[in-house]
Amino acid sequence: MKQKLKTLAAMIAFSTAAQVMAQDTLPVKLPEQQDSRLEQVATSPRVWNGITVSHDNRLFASLTQSEGAGLQLAEVINNQLKAFPNDAWNQWDDKDPEHHFYHVNALRIGPDGDLWVMDSGNKGIGTGDQAVTGGAKLVRINLASGEVVKSYVIKAPTLQPTSYLDDVRFNGDFAYITDPGAVGLVVLDLKSGKSWRVLDNHPLSVDHQPIYADGKKLILRDGREKRVGLDQLEVSPDGKWLYYQAIPGPLARIETRYLDDPKIAKDEVARHAKKVLETWSTGGTAIDAEGNIYASDINTRSIKRIAPDGKVTTVVQDPRLVWIDAMWVSKGALWMPSGQINRTPATTGGKPSTVEYPVKLYRLALPIAPSPRDHQ
């Protein structure tokens, strides 16, 4: 079974990537007209790659893509960044890795109303960096007290040498965590604290194409193409399906019942993963109560809606939507952080940053509500 998956992955990679490997640019026409529906609600003096909003409208941001050390997780108050939960957690200490952030890559308010923070445990994907023991963890913080309630440290063998724990979604007693560093999915039992891996190097997990933003191929500092496998993920409102994709797509899904039982053989789990549709270079996603997935198109500076039946429509397109990353759905609105990650040295072959500061957060009023499976 493993050999068949590798062969299939190689065939897909050759057929889909061969045509674009040599292209440094794509013929993309960027929007010129601003959409008056967009509301700018916050700014940041540092690049952010994700935001989350509490029920009482407290705003939090992850700062993974920022240059420099220090602040990783912040509460945004009047466009100022305040270390959260405190300064100590935002100062790395290799002697106590389980109680200090190493490289926060994602955050979200969970179904319980607490803030959950994903520390990747690694500095980069495809950069040769190794996962730090004790650094890869899912941290739960009570917003009322500001206290860390629980820290789930992901250890070997679930944590691989090249692991980069990227993003997280919840489904009852389980958390699903993407790992594009080692290319697979981590399943975490929140009750027992046990974790296991599935979909490792599956044809629908690996990256078959380069990533493009504003029509330009992303390049690592060493000159190689930036490639990111299994990255974005969403759980359907009924908890039945996990949707996921590498940054360039395609979108795939699998029934969660195959993920939640560690006794099911990995080859058997892999057999149930199915392609949903071809997508595009995506910065971030979100899902609403009706099961619509919102996926940013970082080439066309737009947000597209993927309905449960697979129909794709454009929700908004605007020149200000430069690399919209991890989005957020609240009642009546879609929140979109413009990260401008394609303007940072990490994606332009080490060229000087062209990020236009401050980076901005936009909100678009829509007749939507969050999935209760995700948050309320």
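A cavity is a set of points, on a 1 Å grid over the protein atoms alone, where a 1.4 Å probe fits but cannot get out, and its lining residues have an atom within 4 Å of a point. Grid points are joined across faces, edges and corners, and a volume is the space filled by probe spheres set on the points.

The model is predicted: local features need pLDDT of at least 70, side-chain atom pairs count only at pLDDT 80 or more, and totals for chains, interfaces and linings use all residues. Residues are numbered from 1 along each chain as its sequence is written, and side-chain values use heavy atoms, with hydrogens and water left out.

**View 1. The second largest cavity.** This cavity has a volume of about 50 Å³. Its lining is made up of Y243, L251, V276, G291, I293, I306, A307, P308 and G310. Seven of the lining residues are nonpolar, two are polar and none is charged; here Ala, Val, Leu, Ile, Met, Phe, Trp, Tyr, Cys and Pro count as nonpolar, Asp, Glu, Lys and Arg as charged, and the others, Gly among them, as polar.

**View 2. The largest cavity.** In the whole structure, a search finds four cavities of 30 Å³ or more, and the largest has a volume of about 70 Å³. Residues lining the largest cavity include Q232, E234, Y244, Q245, T279 and T285. Strands β16 (230–235), β17 (241–246) and β21 (293–297) each supply at least two residues of this lining; strands (E, at least two residues) are DSSP runs, numbered from the N terminus. By class, the lining of the largest cavity has seven nonpolar, four polar and one charged residues.

**View 3. The nonpolar cores.** A nonpolar core is a set of buried Ala, Val, Leu, Ile, Met, Phe, Trp, Tyr and Cys residues joined through side-chain atoms within 4.5 Å. Buried means under 20% relative accessible area, exposed over 50%, and partly exposed in between (1.4 Å probe, protein chains only). The largest core holds 41 residues, of which W48, I51, L73, L115 and V117 touch the most other members. Strands that each supply at least two residues of this core include β2 (50–53), β4 (73–77), β7 (115–119) and β26 (359–365). A second, separate core has 19 residues, among them V187, V198, L230 and L242. In soluble globular proteins, nonpolar side chains tend to be buried together.

**View 4. The surroundings of L115.** Contact means heavy atoms within 4.5 Å. Apart from neighbours within four places in sequence, the contacts of L115 include F60, L73, F84, L107, I109, V139 and I141.

**View 5. Salt bridges.** A salt bridge is a side-chain nitrogen of Lys or Arg within 4 Å of a carboxyl oxygen of Asp or Glu, and the count by this rule comes to 23. D297 pairs with K304, their closest N and O atoms being 2.9 Å apart. Both ends of this pair are buried, D297 with a relative accessible area of 5% and K304 with 17%. Salt bridges that share partners join D24, K217, E225 and R227 into one network.

**View 6. Two further salt bridges.** R197 and D200 meet at 3.0 Å, N to O; R197 is buried at 4% relative accessibility, while D200 is partly exposed at 33%. In the salt bridge of D222 with R224, the closest N and O atoms are 2.8 Å apart. D222 is exposed at 51% relative accessibility, and R224 is partly exposed at 41%.

**View 7. A42 in strand β1.** A42 belongs to strand β1 (residues 38–44) and is buried, with a relative accessible area of 5%. A42 and N78 are 36 residues apart in sequence, and 7.6 Å separates their C-alpha atoms. Leaving aside neighbours within four places in sequence, A42 touches residues including W48, L59 and V359.

View 8. The peptide bond from F84 to P85 is cis, with omega near 0°, and P85 lies in the loop between β5 (80–83) and β6. Another cis peptide bond joins G249 and P250, with P250 in the loop between β17 and β18 (251–255). N57, which is not a glycine, has a positive phi of about 65°; N57 sits in the loop between β2 and β3 and is exposed, at 59% relative accessible area. Phi of N79 is also positive, near 65°. N79 is in the loop between β4 and β5 and is partly exposed, at 34%.

How values were computed:
1 Å grid on protein atoms, 1.4 Å probe; cavity = no way out; pocket = protein on both sides within 12 Å on 5 of 7 lines; lining within 4 Å. Helix = DSSP H or I, 4+ residues; strand = E, 2+ residues; numbered from the N terminus.
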